[in-house]
Amino acid sequence: MSELSELYQQVILDHNKKPRNFHKLESANFSAEGYNPLCGDHLNVYLQLENDAVKDISFEGSGCAISKAAASMMTQAVKGKTKQEAERLFREFHRMVIGEELESSSELGNLRIFEGVRDFPVRVKCATLPWHTMHAALNKERIVSTE
Amino acid sequence: MSAAEITSIKNLTPDSVADWNVERIRADFPVLRQTVNGKPLVYLDNAASSQVPQVVIDRGSIYLEHEHSNIHRGVHYLSMKATTAYEDAREKVRRFINAREARECIFVRGTTEGINLVMHGCGRKFIGKGDEIIISAMEHHANIVPWQMLCEEKGARLRVIPINDSGELLLDEYDAQLNERTKIVAVTHVSNALGTINPIKEMIERAHKYGVPVLIDGAQSAPHMPIDVQDLDCDFYTFSGHKMFAPTGSGVVYGKAKLLEEMNPFQGGGDMIKSVTFEKTIYADLPNRFEAGTPAIASQIGLGAAIDYLNSIGRKQAAIHEQELLRYATERLSTIEGVRIIGTAREKASVLSFVIENIHPHDIGTILDQEGIAVRAGHHCAQPVMRRFNVAATARASFAFYNTKAEVDVLARTIENVIDIFS
């Protein structure tokens, strides 16, 4: 069960049970809807950007533990970052979950808890759906679908 | 299988299934001998695709090693061998579903193609503006989308027979929907997401009172119960080989000869013609008219071998064993706190869909997989069913005659483990 316990770590289970920033953001000026038609995971990501910085971010929706925890921790990681920093985190996160080498300057921090996803290729889309959705919101795409 | 037969199977004592030697049956399936993640494989995804016995694998090998050529074309030895083997498989299919004639059994890639063939051949020819098509609320997307496409093209109306909370069709509503505008009824014999066995014989009878032809999606029934298309009096019946122990790419759509002859061809191409000039093409007779191009010869021959295999082990005994597995699994899972079974119809095939409170089916599927257990997690290509039961997805264990009670025990224990991990 070692790979499994790496995937379902306590922190991930905790974020699944008590997702942070889990609500609609009334002050949002950017938002997008993410959908994975394969498994039915579905979420909305809301961002309030001021001077290119993420002043506030939230999400709501339904999905598996991995996608929900990934969304929850993404909102914590991205809050306060600039748009460019948020996009860079997305790219790093993506590299990590598909098992690519990370740069030594990686700023993923506690997001590295999702490293175990690389051993479960079919779950990569669960972990990246919130990030794809955030990316879509920042780029003014309304709907993103990972398939 | 009739409702009465299912009931009589349910009333059998455990002694009457004791002569089912499941270990001997399992030995016929090489794929079952492996371990997954260090655990013996527990294959419970049979409703998605079933495993293939050695005799079917061998038949495919013999064909490829000794008989392979194109069919219906050459005058040479191998082409004749291949043609004979392919047409023998068609005759086996005829007997399997008790069709009157082999030419009524059209080989297709699978159920999806079978339904599309009927939609194009029959639907596009005979259905027009204001006409109505009846399907049910428990259809697989394969029996929804083609009809929706037709409705969009022709301005016809799609009507949907609703279901109750157990997952049974509301037949009164069906009666109310049938009328002189109805041009076809397309319903599933067994729901892939819920396991419900529908009373299709009765439904066909009611449709015929209005002169309406009925298509039966038999993808989930053909592998698990005897089928008699003449007794059912269905107009079309379609099923997939890969869900009944044959290779992918094999499948059948049965149609009454009279209807098939009136229909438009499906795909155009080689082998479906009598003569071609640039001015006019004369189509071939049945069944070739509906089999354009080179078919999946090896797979369809494999389907014939799978039918032989099913007959050799005893279809009724197999069905009894599967019903007993379903009963046992339902009992085991029902006692686990937090597990809810979706689909509790009185008449069910061996499909067990379930959800666990606050745990997404994908997480269930991943954890089960780590223990070597293969189940399906998702919407099962039946999103309207998911919506009806107000769930995004379910986990689904589906049993075949080679599964065992011990495997059900492993499933139940691992589900308890899943709940522990998330508690």
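The model is predicted.

**Domains of chain B**

The domain assignment divides chain B into domain 1, made of 3-46 + 314-422, and domain 2, covering 56-311. Taken over C-alpha atoms, the centres of domain 1 of chain B and domain 2 of chain B lie 28 Å apart. Domain 1 of chain B gives 22 residues to their contact, and domain 2 of chain B gives 25 residues. On the side of domain 1 of chain B that touches domain 2 of chain B, the elements that give two or more residues are helix H1 (3-10), helix H12 (315-334), strand E14 (351-356) and helix H14 (383-388) of chain B.

**Contact between the chains**

The contact takes 14 residues from chain A and 12 residues from chain B. The table lists the residue classes for two of the touching sides.

| Side | Nonpolar | Polar | Charged |
|---|---|---|---|
| Chain A, touching chain B | 10 residues | three residues | one residue |

**Glu107 of chain A**

Glu107(A) sits in the loop that runs between helix H4 (83-97) and helix H5 (124-138) of chain A. Because Glu107(A) has 13 C-beta neighbours inside 10 Å, it counts as partly exposed. Leaving out residues up to four places away in sequence, Glu107(A) touches Leu89(A) and Glu92(A). Arg123(A) is 16 residues from Glu107(A) along the chain, and 23 Å separate their C-alpha atoms.

Methods: Residues are numbered from 1 along each chain as its sequence is written. Chains are lettered from A and ligands numbered from 1 in the order in which they are written. This is a predicted model: local features need pLDDT of at least 70, side-chain atom pairs count only at pLDDT 80 or more; totals for chains, interfaces and linings use all residues. Domain bounds come from an automatic or database domain assignment. Two residues are in contact if their C-beta atoms, placed from the backbone, lie within 7 Å. Helices (H or I, at least four residues) and strands (E, at least two) are DSSP runs, numbered from the N terminus. Ala, Val, Leu, Ile, Met, Phe, Trp, Tyr, Cys and Pro count as nonpolar, Asp, Glu, Lys and Arg as charged, and the others, Gly among them, as polar. A residue is buried if 20 or more other C-beta atoms lie within 10 Å of its own, exposed if 12 or fewer, and partly exposed in between; C-beta atoms are placed from the backbone.
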